[in-house]
Amino acid sequence: MTENTGKVTGINGNLVSVEFSGNISMNEICYVDVEGASLKSEVIRIRGNTAQIQVYEMTGGIRCGDPVRFTGDMLSAELGPGLLGQIYDGLQNPLPVLAEQAGWFLERGVYADSLDPEKKWTFTPLVKAGDRLRAGDCVGTVPEGSFVHKIFVPFDLLGRYTVRSVAEKGDYTVREPVAVLADEKGAELSVTMSFKWPVKRPVKCYAERLAPVETMGTKIRLIDSFFPVAKGGTYCIPGPFGAGKTVLQHTTSKYADVDIVIIAACGERAGEVVETLTEFPKLTDPKTGRSLMERTIIICNTSSMPVASREASVYTSVTLAEYYRQMGLHVLLLADSTSRWAQALREMSGRLEEIPGEEAFPAYLESCIAGFYERAGYVRLADGSVGSVTIGGTVSPAGGNFEEPVTQATLKVVGAFHGLSRERSDARKYPAIDPLISWSKYRGVIRQDKADFCKKIIVHGDEIGSMMKVVGEEGTSLSDYIIYLKAELLDAVYLQQNTFDLTEANCTTPRQRYVLDKLILLLGSDFALADKEEARGFFNRIRQKFIDWNYTAFESEAFGKAEGEIDGLYAAGAGRLSREAGNLLKGGEADGK
Amino acid sequence: MGNKIFSRIESIAGSVITVRATGVRYNELAVIQTRFGKSLAEVNKIDGDLVSLQVFAGCQGVSTGDEIRFLGHGMQLSFSEDLLGRIFNGSGLPLDKGPALTENLQPVIRPSVNPTKRILANRMMRTNIPMIDMFNTLVVSQKLPIFSISGEPYNQLLARIAMQAEADVIVLGGMGLKYDDFLYFRDTLANGGALAKTVMFIHTASDPIVECMKIPDMALATAEQFALQDKDVLVLLTDMTNFADAMKEIAITQEQVPSNRGYPGDLYSQLAGRYEKAVDFEDSGSVTILAVTTMPGDDVTHPVPDNTGYITEGQYYLKGGRIEPFGSLSRLKQNVNSLTRKDHRSLMDAMIRLYSAYKDTVEKKNMGFSMNKWDEKLLKYGDLFERKLMDLSVNLSLEDALDLGWKILADCFDRDETGIKSELMDEFWPAE
């Protein structure tokens with residue numbers, strides 16, 4: 001309501017000091033008028049009559065005395081039909097619309113509607129006059145792509161409301177009212193298909209938050225089988241540069257078993273966003289058979305875009321994720337990279353001259369990170385359906401050293417840790433998730449005892465490998481050497497996966513189970529091998545056949561043939577299954593439910 | 001308005017002066033008249049009527065009574081075809097004998113390109129260096145650093161790429177360049193006939209520090225303008241560590257809280273702002289960036305190479321006069337190497353994997369362990385690989401390099417020792 005104003009009194013980078021009159025609130029949005037443009041900004045500190053604001057644009061050209069207008073609103077996301085398939089900047093401006101208005105460059109002060117105000121959506125009412133509703137209840141639906149998009153009573157309405165009237169089935173824009181509600185005192189307000197929600201506040205219009213137990217398939221063997229992620233869970237991927245964080249995120253965004261994927265490209269390369277933009281419209285979602293883009297939202301604040309909106313972008317992303325979760329959908333939010341977000345906090349903290357914490361990150365870094373990941377969750381909604389937000393964040397630790405503050409603060413709050421290692425990526429072992437350091441608290445698609453059996457071999461093989469570096473091959477016993485070769489085999493044919501090959505990348509749960517059983521047969525058997533030379537040759541041949549097998553389509557003729565060849569090798573090596581492995585292979589996949 | 005003159009310098013520290021003035025815009029340029037002549041200065045902080053400026057020529061000899069005239073605009077660049085073949089300093093003044101350029105002034109600082117106006121990098125830039133073309137293909141609009149240490153022939157490598165790469169325009173930005181290196185670039189490009197398509201922005205080691213900070217901006221603004229004229233531009237920067245050190249110096253002078261080893265907290269954003277100028281414009285030209293980054297103490301975790309690595313699309317390691325296959329990575333290579341030849345990707349991966357095994361064997365050998373048959377094969381392979389493919393003087397087209405790769409494998413190994421899928425081997429494994 002209040003149109004407060006102020007005047008600029010100082011500029012330092014994107015931090016501007018403003019002398020104001022009247023009342024303003026923390027995190028309020030304001031605009032600085034400069035050289036014919038209005039620059040969106042957010043209040044981040046108030047002292048006496050001076051507010052410090054972070055400007056979401058380049059600040060060149062601002063001078064003391066330039067006017068500032070306060071809006072009274074917090075930084076908000078607009079929620080409604082039409083979000084899917086969009087490419088937004090961190091402040092939810094659709095980038096294609098900005099391109100139409102401003103051309104090649106992101107000229108400052110140019111903003112656009114988040115949702116197309118002209119587009120008509122076919123609304124079907126679900127309530128009638130007299131119904132009693134509260135925030136988060138559904139008044140009707142519109143079809144959005146392959147989804148039924150629910151139209152909600154805005155999440156910020158407190159108390160109970162009575163429906164006075166509701167629009168008939170028909171086509172409406174997101175700005176036209178579709179229902180009129182009355183509060184307990186009888187004051188009326190009209191509801192449109194879109195509303196705003198302050199991005200830094202979690203949406204909590206659900207009945208109950210449940211424990212994340214359902215596995216979220218990613219088709220990446222190493223993850224699904226050994227370090228799984230649950231729907232509604234959180235995980236992080238720290239790794240030095242070049243270890244394949246972004247490729248991993250990209251693969252996950254294509255194959256993850258969820259309804260909607262939100263990609264937050266936060267302070268990373270623009271080229272990667274372009275890759276997604278080019279590739280996704282051409283790919284189809286195996287679940288719906290429609291373009292992958294129809295289930296994707298991209299929030300892109302690349303590294304050269306202003307730093308303050310980088311901070312906003314992660315909150316905008318998670319708010320959109322929560323919105324679709326409210327419709328009973330499973331949403332995956334991929335944030336790449338949370339370190340850039342943390343650095344944005346650090347830059348502002350430095351300009352505010354706050355007392356720095358470790359590596360000059362602000363003292364509130366940990367609570368910010370925890371607050372962000374805690375917005376993930378598996379919830380039961382008021383109507384009994386369930387929805388989830390899963391958050392996967394990459395971390396880019398300085399120097400690849402996981403001891404640094406952002407990695408450590410993240411590890412405290414996530415449920416799975418996929419640590420990438422430089423040694424693995426240097427040796428082109430992709431995905432470069434290091435099985436020796438990674439962990440997950442969630443349940444995977446492979447029975448736990450089988451996964452443990454495999455992990456044990458990896459650890460044992462690694463120990464023998466390091467020992468061999470000291471005592472040499474001749475100082476290693478044949479049986480140890482064979483375990484070493486088995487660990488290598490497991491790594492080469494199962495942990496490593498060529499995600500650029502369509503068949504290899506699309507490794508479904510049934511296939512993972514089937515193939516791993518074959519592998520357990522090989523790993524859990526003794527072979528008649530006379531010496532190390534013979535052992536190495538034998539496992540090389542198995543590896544070769546296995547790799548060929550991986551490249552055949554599941555349950556195809558070629559698949560059967562390649563499997564037959566492995567069986568042939570097994571027989572030729574006179575394989576005898578150990579009792580431990582024999583027991584493992586009994587009794588299907590049921591894992592105490 | 002823009003030409004107000006002030007002469008109340010309140011403080012002078014390092015390359016930064018503080019002056020009392022009003023009506024001054026953030027990032028505005030000013031001219032300071034000292035007893036040694038004129039210098040440009042740029043506003044980098046305003047607090048009420050206290051305005052801080054970084055003085056391009058440095059503050060030596062600046063007097064508290066010197067006059068400062070604000071120009072009413074930020075850094076500008078005169079853009080035209082006349083730039084080609086010319087050499088400038090960080091302020092945009094000519095270093096050669098040519099005239100100063102003043103027409104068609106364009107702002108140096110531009111907002112970033114709308115990501116939806118970029119197109120996917122998918123054109124290979126051939127260099128005929130196998131370690132680049134075959135193992136880490138350079139792609140148009142890519143940004144890649146060359147990580148190196150002092151003493152390595154990085155400027156020679158850069159010059160060779162400049163001569164051999166297919167680009168319409170070359171922009172060279174030299175920061176903290178030794179004077180003889182500057183002469184080397186100038187003469188090499190001139191002798192190779194490339195000078196006429198080159199623009200140089202040069203800061204030598206003895207020039208003032210603020211100008212060093214301006215080199216990448218000037219070079220990249222020039223490149224961007226040419227790219228908008230439908231030109232494929234290759235920007236060569238050397239050495240970005242000097243640029244970062246210049247930033248550190250200014251930040252410390254202005255009492256900013258340092259984050260890591262004295263570098264300012266926005267080092268990542270500052271570097272990214274420059275590297276992200278690499279672009280392939282929809283319906284127009286492109287900017288490709290190769291930037292030498294020397295690693296102090298050969299330490300890749302030093303803040304400058306570390307932050308750079310997170311920004312760029314891979315990196316080349318130059319070590320012992322060779323581009324190292326480990327760690328060197330062109331992230332965009334998969335955009336093009338599926339289109340080159342179908343064995344390219346698998347062969348490249350297999351050869352690197354085997355080279356990695358070779359390195360383990362060398363280690364084993366150095367520790368005095370006996371070599372088995374497999375080790376002997378690896379040793380033979382590693383030697384061939386280093387001599388025939390890694391050496392920087394090897395000048396081979398991609399296709400010839402691939403054929404040579406298969407030949408080396410066949411010379412050293414049996415088919416099922418390579419880990420390549422059989423289908424490819426049936427086609428490419430050389431017949432005896």
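Me: In this predicted model, what makes two strands a pair?

Reply: Two strands pair if DSSP finds at least two bridges between them. In chain A, β23(A) and strand β24 (residues 386-395) have four bridges, in the antiparallel sense. Four meets the requirement of at least two, so β23(A) and β24(A) are called paired.

Me: Which residue of β24(A) is the bridge partner of A:G377?

Reply: The partner of A:G377 is A:V389. The two strands form a hairpin with five residues between them, and A:G384 takes a positive phi near 95° in that hairpin.

Me: How do you know that strand β18 (residues 208-210) of chain A also pairs with β23(A)?

Reply: The count of bridges between β18(A) and β23(A) is three, and the strands run antiparallel. At least two bridges are needed, so these strands are a pair as well. A:E208 stands opposite A:R380 in β23(A).

Me: What makes strand β1 (residues 5-12) of chain A a partner of β5(B)?

Reply: Two bridges join β1(A) and β5(B), antiparallel. The cut-off is at least two, so two bridges are enough for the word "pair". Here A:I11 stands opposite B:I46.

Me: Why are residues of chain B said to be in contact with residues of chain A?

Reply: Contact means that the C-beta atoms of two residues lie within 7 Å. By that test, 64 residues of chain B are in contact with 65 residues of chain A. Several elements of chain B each supply at least two residues to this side, including β5 (37-47), α9 (344-366) and α10 (373-390). By class, the side of chain B that touches chain A has 23 nonpolar, 24 polar and 17 charged residues.

Me: What makes a residue of chain B count as buried, and what percentage of the chain is buried?

Reply: A residue is buried if 20 or more other C-beta atoms lie within 10 Å of its own. Of the 432 residues in chain B, 52% are buried.

Me: How many residues does each side give to the contact between domain 3 and domain 4 of chain A?

Reply: Chain A is divided into four stretches, among them domain 3 (207-440) and domain 4 (448-584). The C-alpha centres of domain 3 and domain 4 lie 32 Å apart. Domain 3 of chain A gives 16 residues to the contact and domain 4 of chain A gives 18. On the domain 3 side, α2 (221-226) and α3 (245-255) each supply at least two residues, and α2(A) gives the most, with five.

Technical notes. Residues numbered from 1 in each chain as written. Chains lettered and ligands numbered in written order. Predicted model: local features only at pLDDT ≥ 70, side-chain atom pairs only at ≥ 80, totals over all residues. Buried ≥ 20, exposed ≤ 12 C-beta atoms within 10 Å, placed from the backbone. Nonpolar A, V, L, I, M, F, W, Y, C, P; charged D, E, K, R; others polar. Domains from an automatic or database assignment.
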